[in-house]
Amino acid sequence: LDIEFLRRVQDKVNVIPVIAKADTLTSEECKEFKKAILNELAANRIHTFDFPDPDECSDRGNEEELIKVRRLRDRAPFAVIGANTLVVGEGGNRVRARCYPWGVVEVENMEHNDFAALRYLLLTAFMQELRDVTHSVHYENYRTAKLSGIAQESHFQTRDGKDPMSIMEAEKKEHEAKMRKMEAEMEAVFEQKVEEKNQKLREFENDLMRRADQMREQLRAQEQEQEAARRAFDLERANWEEAWREWDIGADIGTNGATLGLGERVINEVIKERAKTEKKRKGLF
């Protein structure tokens, strides 16, 4: 049953032979069992995942790492055990193990089983190779087999008698053409929207520049008006000062021979009038 199952899935998944409950075997029995499994797989032409030779992946690390990978690779099929408890190891760390009356089997101890080797090869050394083989080999083989068998295994008939594979290919090309057309239309709409947005931005920029020019013109006009008003004021003040000087020039000659201006004459007249008023007031009393 196991051989038949492996024969059917070997082209769909990566097969890695594992011996479970290896703690029920002695070291010699485990070695003989591994040889028997390898011989049976080879006799039935069952392909397992072939871990790459370390010489083919020398870029992974130094020579010590390559030797380690080669040593772990040669332990296939991998004999593993399951833990049922945690125990304190030699370094004082808690490790997974299975306890028996006659002793303790540590899961991650390479002298007891191959669990650590299997984990390192799968998760550290060859994870990318497993993914590549799954995608590039198994999936592509499965896809090719399914697509090539559609026409032979299909029970329907097309109206025009064409091969279903040809119809699928034509539909695929038509779909791709529609997608390209939709993409071109979307790009055209996007470019149109961008152009409209840029046009609005240009109009807004032009409007701002026009308003700025108007404000500058208004400021220049106000400056000119203020300058004209200032010049008119200066001219009016100069005319007033000139008229005042002309009015003040006509003066009488005082007793001391000095020339009295209009302002001084007015003050003198006011003083005289006040003196007369004081004399009259004194004469009354």
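In this predicted model, the largest nonpolar core holds 13 residues, of which Phe 51, Tyr 120, Leu 121 and Phe 126 touch the most other members; a nonpolar core is here a set of buried Ala, Val, Leu, Ile, Met, Phe, Trp, Tyr and Cys residues joined through side-chain atoms within 4.5 Å, with buried meaning under 20% relative accessible area, exposed over 50% and partly exposed in between, for a 1.4 Å probe and protein chains only. Two or more residues of this core come from each of helix 3 (63-73) and helix 4, and helix 4 gives the largest share, five residues. Helices (H or I, at least four residues) and strands (E, at least two) are DSSP runs numbered from the N terminus. Apart from this core lies another, of eleven residues, including Ala 22, Ile 37, Val 105 and Val 107. In soluble globular proteins, nonpolar side chains tend to be buried together.

Residues are numbered from 1 along each chain as its sequence is written. Local features need pLDDT of at least 70 and side-chain atom pairs count only at pLDDT 80 or more, whereas totals for chains, interfaces and linings use all residues, and side-chain values use heavy atoms, with hydrogens and water left out.

The largest pocket has a volume of about 480 Å³, and among its 22 lining residues Ser 27, Cys 30, Glu 111, His 112 and Asn 113 are the closest to its centre. A pocket is an open set of points on a 1 Å grid over the protein atoms alone, where a 1.4 Å probe fits, with protein on both sides within 12 Å along at least five of seven lines, and lining residues have an atom within 4 Å of a point; the volume is the space filled by probe spheres set on the points, which are joined across faces, edges and corners. Helix 2 (residues 27-43) supplies the largest share of this lining, six residues. By class, the lining of the largest pocket comprises ten nonpolar, four polar and eight charged residues, where Ala, Val, Leu, Ile, Met, Phe, Trp, Tyr, Cys and Pro count as nonpolar, Asp, Glu, Lys and Arg as charged, and the others, Gly among them, as polar.

Asn 113 lies in the loop between strand 5 (103-106) and helix 4 (115-125), and is buried because its relative accessible area is 3%. A polar atom of the Asn 113 side chain lies 3.1 Å from the backbone oxygen of Glu 106, while the side chain of Asn 113 also reaches the backbone nitrogen of Phe 115 at 2.9 Å. Leaving aside neighbours within four places in sequence, Asn 113 is in contact (heavy atoms within 4.5 Å) with Arg 75, Ala 79, Val 80, Ile 81, Glu 106, Val 107 and Glu 108.

The second largest pocket contains about 300 Å³ of space, and of its 15 lining residues the closest to the centre are Asp 2, Ile 3, Leu 6, Ile 37 and Leu 41. The lining of the second largest pocket has twelve nonpolar, one polar and two charged residues.

The backbone was also examined. The peptide bond from Ala 76 to Pro 77 is cis, with omega near -5°, and Pro 77 is found in the loop between helix 3 and strand 2 (78-79). Lys 21, although not a glycine, has a positive phi of about 50°, and Lys 21 counts as exposed at 62% relative accessibility.

Methods
A polar contact is a pair of N or O atoms within 3.5 Å; within protein, one must be able to donate a hydrogen and the other to accept it, and residues adjacent in sequence count only if both atoms are side-chain atoms.
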